[in-house]
Amino acid sequence: MSNMFVADVGGTNIRLALVQDGELQQITKYLCKQFDTITGAINQFAIDVNVDSFEHGCIAIACPVNNDAVKMTNHTWTFSKLELQNQLSLNSLLVINDFSAVAFSLPNLKMEQVIQIGPGEAVEKGNIVVFGPGTGLGVEHLTWTDSGWQTLDGEGGHVDFAPNDEQDIIVWRYIKSKLGRVAAEELLSGRGLVNIYTALVMHAGGNVEYTDPADITQHALASTNLTCVKAVQQFCRIMGSFAGNLALNLCTTGGVFIGGGIAPRLVNFFANNEFRQKFEDKGNLARYVKNIPTYLINEPNHGLLGALAYLLQQTKEKH
């Protein structure tokens, strides 16, 4: 079988893996900031796994990929698909949105790779949605067609944020004054968690101590800072409202999945928080979403798994 690779590129990390016998092998993670270009990262991976060259590749990346020119939303890398294919001497190069890849992984995830939050039961071949707070906020829908699963691309993370309670309004006002427009990504992302924390501190007349989302998460999990705890609780509530909106958008009876780098660390907050209550808080349409299940993806390589599924589908080299 020809040498193939898959890559999952976020604003912070790039994960790469060899594809051998239809499986992921030698999964490797680098910080994006280690390399000036994505070409450099892939070439370093080839060296590290002792491969002279690749014939096929699939890159899942956190930005729009409709055109030949690819420019990352939350990082400095830019490249031409055609030039990158030539630089790497590939027979074929597939470039898909990172959340398209996550979506393609969902039908293949086993129950031990997800954590269900609250009630609900998935309908087989029902529409699915996945979203993920990380460096940014990715959103992707998946629908069943006569030719199999088909992703529905979009930039759902950039829709307007709609506040639902007084605490939401506090955060909305803070972001509105800072940016002029309040998009969902400005709350449901790493910087979003910082925005929520900062807004709550400033509203209470306190001093902002933390500007790194990892610090806020750490203090919330350890219960060593009350405002950090409140910020993460609100983060989860807002995620519930947003998840419910996505379920309404496309009747996602196959389930709502949450990925990204932040949510899996907050399992206890989801279980003991108003996430599911906010998910179902849709007025006279509460019954519409009540039986739709919500899951946390508990599989760190789901982006690679989705890129693998797409690559195998496109190259027809299925195991």
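I looked up H5 first: 11 of its 14 residues are buried, so H5 is largely enclosed by the rest of the structure. Buried means under 20% relative accessible area, with a 1.4 Å probe and protein chains only. Helices are DSSP runs of H or I with at least four residues, strands are runs of E with at least two, and both are numbered from the N terminus. I note that this is a predicted model, in which local features need pLDDT of at least 70, side-chain atom pairs count only at pLDDT 80 or more, and totals for chains, interfaces and linings use all residues. Residues are numbered from 1 along each chain as its sequence is written, and side-chain values use heavy atoms, with hydrogens and water left out.

I listed the buried residues of H5, among them Leu-193, Ile-196 and Tyr-197. The buried residues pack against helix H4 (166-179), helix H6 (213-222) and helix H7 (226-250), where contact means heavy atoms within 4.5 Å. Just after H5, I found Gly-205 with a positive phi of about 75 degrees.

I then turned to the pockets (open sets of points on a 1 Å grid over the protein atoms alone, where a 1.4 Å probe fits, with protein on both sides within 12 Å along at least five of seven lines; lining residues have an atom within 4 Å of a point). Of its 45 lining residues, Gly-10, Gly-134, Thr-135, Gly-260 and Gly-261 are the closest to its centre. H5 and H6 are among the elements that give two or more residues to this lining.

The second largest pocket holds about 810 Å³. H11 gives the most to its lining, with seven residues.

Conventions:
Buried < 20%, exposed > 50% of the residue type's maximum accessible area, 1.4 Å probe, protein only. Points joined across faces, edges and corners; volume = space filled by probe spheres on them.
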